[in-house]
Amino acid sequence: MPESTILNLVNADIYQGKSQILNNVNLKIDKGEFVYLIGKTGSGKSSLLKTLYGELPLKEGEGTVVGFDLRKMDWKKIPFLRRKMGIVFQDFKLLTDRNVYENLEFVLKATGWDDSKKIKARIEEVLDLVHLPAKSYKKTYEMSGGEQQRVDIARALLNNPELILADEPTGNLDPETTDMIMQLLISISKDMNTSILMATHDYRLLQQYPSRIVRVEDNSVSDNAVIPQQHTTTI
Ligand SMILES: Nc1ncnc2c1ncn2[C@@H]1O[C@H](COP(=O)(O)OP(=O)(O)O)[C@@H](O)[C@H]1O
Ligand SMILES: [Mg+2]
């Protein structure tokens, strides 16, 4: 596999337990690409992403992500896989009893950082990347949805990931905050050459920020899908 390929699935079947969700998925993503993953609720977007970050096992087909063979993953390797990728969720999954600094410090310590000066410097760096003032270490429950999503993205960036998997990152945000988060994600893929695979069902984003579209429908995945011609705002 060439070094520029960050993610490669070949005839991969995606399962939730014993039920097959997706059949024969073929998907290749190169370094720095921004790719939308679209499809109706329940079509299998999250299941596909979960397989890519090691939460669901890949039992059929081939899969390589940031240099890891998904067929050879076991729970001991998952922390190493997660160090090379960032994951962003719709509901942020921040630790609500801790402030911004502690949330980020927690991840760095859990991934092997032990020098407190380096930890502080990296936290200030990622907060700067997401345009949050580094000195405002609020408790996360005191922050707006947009601020919490920026902390979530900062957290995903801590270990300089080659790939960010974002599962409906704007799903809980108003349109203005959604635009700010989209611009941030697009600038991360452009400026840092980070690949991004983002699940969404927000039709407006595909038009406003055009990029490659991968579509999940009827248990399969089609690449280079066109923007669906419909008048509703969700897909
Ligand atoms: N934890 C689970 N256990 C069993 N089935 C699940 C689980 N999570 C999702 N599913 C099923 O997998 C299918 C795809 O769901 P999901 O991947 O969450 O779709 P999407 O993210 O596109 O909304 C759905 O039929 C859903 O009911
Ligand atoms: Mg989902």
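**Charge, fold and two local sites**

The chain carries 30 positive and 32 negative side chains. The centres of these two sets lie 4 Å apart.

This is a predicted model. Confidence comes next. The mean pLDDT of the chain is 92. Of its residues, 95% reach 70 or more. Among the elements, strand S1 (residues 5-16) has the highest mean pLDDT, at 98. Helix H2 (residues 78-83) has the lowest, at 90.

Now the overall fold. The chain has seven helices and 10 strands. Its C-alpha trace spans about 45 × 45 × 30 Å along the principal axes. How does the radius of gyration of the chain agree with that of a compact globule, and what are the values? For 235 residues, a compact globule would have a radius of gyration near 18 Å. The chain has 17 Å, which agrees.

Take the contacts with a separation of 6 or more: residues 24 or more positions apart account for 70% of them. Buried residues make up 50% of the 235 residues in the chain. The chain exposes about 11,500 Å². Carbon and sulfur atoms supply 48% of that area.

Turn to helix H1, residues 45-52. Is this helix enclosed or open? Six of its eight residues are buried, so helix H1 is largely enclosed by the rest of the structure. The buried residues are Lys45, Ser47, Leu48, Leu49, Thr51 and Leu52. After H1 comes Gly54. The phi of Gly54 is positive, near 85°.

Is Leu94 buried or exposed? Its relative accessible area is 11%. Buried means under 20%, so Leu94 counts as buried.

Which residues does Leu94 touch, leaving out those up to four places away in sequence? They are Asn103, Thr140, Gln148, Val151, Asp152 and Arg155. Along the chain, Leu94 and Val151 are 57 residues apart. Their C-alpha atoms are separated by 8.2 Å.

How values were computed: Residues numbered from 1 in each chain as written. Chains lettered and ligands numbered in written order. Predicted model: local features only at pLDDT ≥ 70, side-chain atom pairs only at ≥ 80, totals over all residues. Heavy atoms only, no water. Helix = DSSP H or I, 4+ residues; strand = E, 2+ residues; numbered from the N terminus. Rg over C-alpha atoms; globule rule 2.2 N^0.38 Å. Buried < 20%, exposed > 50% of the residue type's maximum accessible area, 1.4 Å probe, protein only. Contact = heavy atoms within 4.5 Å. Areas by Shrake-Rupley, 256 points an atom, 1.4 Å probe, with all protein chains shown as cover. Lys, Arg positive; Asp, Glu negative; His and termini not counted. Charge placed at Lys NZ, Arg CZ, Asp CG, Glu CD. pLDDT = per-residue confidence, 0-100.
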